[in-house]
Amino acid sequence: MTSFPTDETPNTASPAALRALIESRRAVRRFTSEPVPDEVIRDCLELAVLAPNSCNLQPWSFQVVRDPALLAQLHPVCMGQNAARAPLIIAVLARPDTWRQACRNIIEYWPEAEVPARVRSFYSKTAPFQYNQGPLGLFGLLKRQLVRLAGLRKALMRTPNSRADMRLWAVKSTALAAENLILAFQSHGYATCPMEGFDEVRLRRVLDIPRQAMPIMLLAVGRQGEKGIYNPRLRFPLEQQVTWL
Ligand SMILES: Cc1cc2nc3c(=O)[nH]c(=O)nc-3n(C[C@H](O)[C@H](O)[C@H](O)COP(=O)(O)O)c2cc1C
């Protein structure tokens with residue numbers, strides 16, 4: 001992947017092209033059996049991980065399920081829903097548990113010959129303080145009290161200071177990656193359906209998911225099948241959801 005050092009915001013996609021891509025996406029519940037080529041899947045995953053993410057710690061992982069036997073097992077896990085008959089299902093996992101390794105990765109994969117001192121310091125001191133919650137979350141508890149006191153005098157970030165905060169922290173960034181993934185497939189002409197309608201306990205019996213990883217959605221992917229879209233698009237008026245200040 002290339003970095004893009006410039007003082008201007010590069011804009012290679014026209015607003016109209018982006019609008020057309022976003023508007024063309026729908027949740028599709030019926031797919032053809034045509035397989036999705038591995039090159040396409042790889043390209044889409046490369047775009048997924050370009051999503052903005054907290055401190056660049058990239059707290060996500062993906063399990064790409066193409067094996068027909070595994071897919072057949074996932075269908076009942078998704079409670080028999082039609083979308084889960086897709087030729088490809090990607091389990092999108094939020095990873096509140098990978099930040100330590102990610103801090104090391106930043107140093108190891110830094111894209112320049114020298115890792116700047118401020119970067120080294122951030123990922124070896126600041127980030128570990130921020131993300132470590134300690135055994136049973138006890139360090140988080142201590143940090144919550146420290147933050148309460150320090151926050152009386154100055155503005156500061158008050159989370160994540162618990163294991164629950166860490167889960168939310170990871171889910172935020174992973175959801176952004178999931179949207180990139182969805183739009184990337186759309187750009188290749190493949191439809192998708194994000195699914196949270198699955199039994200997590202049974203999912204963990206089928207896929208080897210690390211204990212602390214959170215399967216936030218199973219993404220069904222394939223060519224749109226007949227009557228694949230169930231309902232007309234519906235969104236509430238923007239005025240109900242937006243405040244202009
Ligand atoms: C987190 C999440 C979970 C979803 N779970 C399911 C699901 O289990 N089954 C399903 O058919 N659709 C599921 N959907 C799709 C939504 O129902 C769909 O996006 C919504 O109705 C809006 O329709 P549109 O995507 O076509 O605009 C899910 C979407 C999201 C973002």
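This is a predicted model: local features need pLDDT of at least 70, side-chain atom pairs count only at pLDDT 80 or more; totals for chains, interfaces and linings use all residues.
Residues are numbered from 1 along each chain as its sequence is written. Local features need pLDDT of at least 70, side-chain atom pairs count only at pLDDT 80 or more, totals for chains, interfaces and linings use all residues, and side-chain values use heavy atoms, without hydrogens and water.

An open sheet holds 4 strands in the order 1-2-4-3, with antiparallel pairing. Strands (E, at least two residues) and helices (H or I, at least four) are DSSP runs numbered from the N terminus; two strands pair if DSSP finds at least two bridges between them. Strand 1 (60-65) and strand 3 (191-195) form the edges, each pairing on one side only. Neighbouring strands are turned by 20° against each other on average, direction ignored. Strand 1 and strand 2 (residues 88-94) run antiparallel and are joined by 6 bridges. Val 65 stands opposite Ile 89 in strand 2. Helix 2 (residues 38-48) packs on the sheet and touches strand 1 and strand 2, contact meaning heavy atoms within 4.5 Å. The direction of helix 2 makes about 165° with that of strand 1; axes are lines fitted to C-alpha atoms, for helices over the stretch in contact, and angles run from 0 to 180 degrees between N-to-C directions.

The residues surrounding the ligand include Arg 25, Gln 81, Cys 193 and Arg 235, each with a heavy atom within 4 Å of the ligand. A nitrogen atom of the ligand is 2.8 Å from an N or O atom in the Gln 81 side chain. A backbone N or O atom of Pro 194 lies 3.0 Å from a nitrogen atom of the ligand.

How values were computed
A polar contact is a pair of N or O atoms within 3.5 Å; within protein, one must be able to donate a hydrogen and the other to accept it, and residues adjacent in sequence count only if both atoms are side-chain atoms.
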